[in-house]
Amino acid sequence: MSDTQLTVTLSGGGIDDARAVVRALEGAFGAPDDLPADERATVRTATFSSPPSPHADPAPPEAGAGLSAPVTVTVQGTPQAVEAASRTLTGAFSARDEGTASGDQERERQLLLEP
């Protein structure tokens, strides 16, 4: 994974939903390396290179930034980054844990975020 701390893969919903999810993670990880941009894509990605802030609190979504449809989010990275992302997303959205997978140095978690 080189220097990337967290990779976020989003499916379902629209581009505004994907951007709302990424904005929710910025409080914990800072600005992403790239933002979901293709409005026609069915799967969108964002990456964060900064480690999670140990003092970040889950921020509620901005007014009007609720989701328009369910979004499946897969977060992959260091165990600390995946846990921070999971806490942030479950604090900001209505979320259901869809499962985890662990490797030697990486972890992956899938969440279903609902409007």
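This is a predicted model: local features need pLDDT of at least 70, side-chain atom pairs count only at pLDDT 80 or more; totals for chains, interfaces and linings use all residues.
Residues are numbered from 1 along each chain as its sequence is written, and helices (H or I, at least four residues) and strands (E, at least two) are DSSP runs, numbered from the N terminus. Local features need pLDDT of at least 70, side-chain atom pairs count only at pLDDT 80 or more, and totals for chains, interfaces and linings use all residues; side-chain values use heavy atoms, without hydrogens or water.

Seven bridges link β3 with β5, and the two run antiparallel; strands are taken to pair if DSSP finds at least two bridges between them. On to β1, which pairs with β3 in the antiparallel sense over six bridges; here Ser11 has Thr72 of β3 as its bridge partner. Five of the seven residues of β3 are buried, leaving the strand mostly covered (buried: under 20% relative accessible area, with a 1.4 Å probe and protein chains only).

Stepping back, the five strands form an open, antiparallel sheet in the order β2-β1-β3-β5-β4. Its edge strands, β2 (43-48) and β4 (94-102), each pair on one side only. From one strand to the next, the twist averages 20 degrees. Eight bridges hold the antiparallel pairing of β4 with β5 (residues 107-114), where Gly99 stands opposite Gln110 of β5.

Two helices pack on this sheet. Helix α1 (residues 15-29) touches β1 (6-11), β2, β3 (71-77) and β5, and its direction makes about 15 degrees with that of β2. Contact means heavy atoms within 4.5 Å, while angles run from 0 to 180 degrees between N-to-C directions of axes fitted to C-alpha atoms, for helices over the stretch in contact. Helix α2 (residues 79-92) touches β1, β3, β4 and β5, with its direction at about 10 degrees to that of β5.

How values were computed:
Buried means under 20% relative accessible area, exposed over 50%, partly exposed in between (1.4 Å probe, protein chains only).
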